[in-house]
Amino acid sequence: MALILDTVPRISLPGVPARLVFSACLLLASAASISAQQPAESPSNTSDQKTKKVWTNDDFAPGSANAAPTAKEADLPRRSTDHANAQLASQLRDKLEKLQAQWKDAGQQLDALKRFQAGELSGDDGRQLHKRYNRAPIPEQIAKLEEKRKHLQDQIEAIYEEARRKGILPGELR
């Protein structure tokens, strides 16, 4: 066993005995464990702790009748409950559904053309016999579709604006 201990390299600082280094390490370790065991200062021990203010009705001055005017029913915005607005909302909703379907279809066509232009081929191109052959260049077709989508978006926004002017809420168009 003496041979094993002699082969282990010793860690020491030049000019400092090993016992002194070992004692210093123990002292530091014990100081760290003692400081970890001491509880932090509790907030109840501090004398300059703020007290909470409890507000009561006595702290507030009585309000005047003019301070918060009540809304009259004539001033409230009218809801579209009458028959004419309900019928108009139904018509606008139908127009919106058609325009949104066209807008979505144009977007799908635009995506397909962009994929085709990028070189991606789908396997169902030959099966779509109901679609006609278009000889216009792809960039020109893309530009026309983008213009069509913008025009459809403008029409959709115009319908929402018309409904707003007529007093129809946006939720009634959905």
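Mentor: Exposed means over 50% relative accessible area, buried under 20%, and partly exposed in between (1.4 Å probe, protein chains only). The model is predicted, so local features need pLDDT of at least 70 and side-chain atom pairs 80 or more, while totals for chains, interfaces and linings use all residues. Residues are numbered from 1 along each chain as its sequence is written, and side-chain values use heavy atoms, without hydrogens and water.

Trainee: Is arginine 165 buried or exposed?

Mentor: Arginine 165 sits in helix α4, as does glutamate 161, 4 residues away; helices are DSSP runs (H or I, at least four residues), numbered from the N terminus. Glutamate 161 has a relative accessible area of 33% and is partly exposed. For arginine 165 the value is 58%, so the class is exposed.

Trainee: Which residues are linked with Glu161 in a network of salt bridges?

Mentor: A salt bridge needs a side-chain nitrogen of Lys or Arg within 4 Å of a carboxyl oxygen of Asp or Glu. Glutamate 161 and arginine 165 form one, with the closest N and O atoms 4.0 Å apart. The network joins Glu161 to Arg164 and Arg165.

Trainee: How many residues apart in sequence are the parts that glutamate 146 and lysine 114 tie together?

Mentor: These two residues form a salt bridge, with 3.6 Å between the closest N and O atoms. Glutamate 146 is partly exposed at 40%, and lysine 114 is partly exposed at 39%. Because glutamate 146 belongs to helix α4 and lysine 114 to helix α3, the separation of the parts in sequence is 32 residues.

Trainee: Which residues does isoleucine 159 contact, leaving aside its neighbours within four places in sequence?

Mentor: Isoleucine 159 is one of the residues of the largest core. With contact taken as heavy atoms within 4.5 Å, the partners of isoleucine 159 beyond those neighbours are Leu92, Lys95, Leu96 and Leu99.

Trainee: What share of the residues of the protein chain counts as buried?

Mentor: The chain has 4 helices and 0 strands. Glutamine 141, at 13% relative accessibility, is buried. Of the 174 residues, the buried share is 12%.

Technical notes: Helices (H or I, at least four residues) and strands (E, at least two) are DSSP runs, numbered from the N terminus. A nonpolar core is a set of buried Ala, Val, Leu, Ile, Met, Phe, Trp, Tyr and Cys residues joined through side-chain atoms within 4.5 Å.
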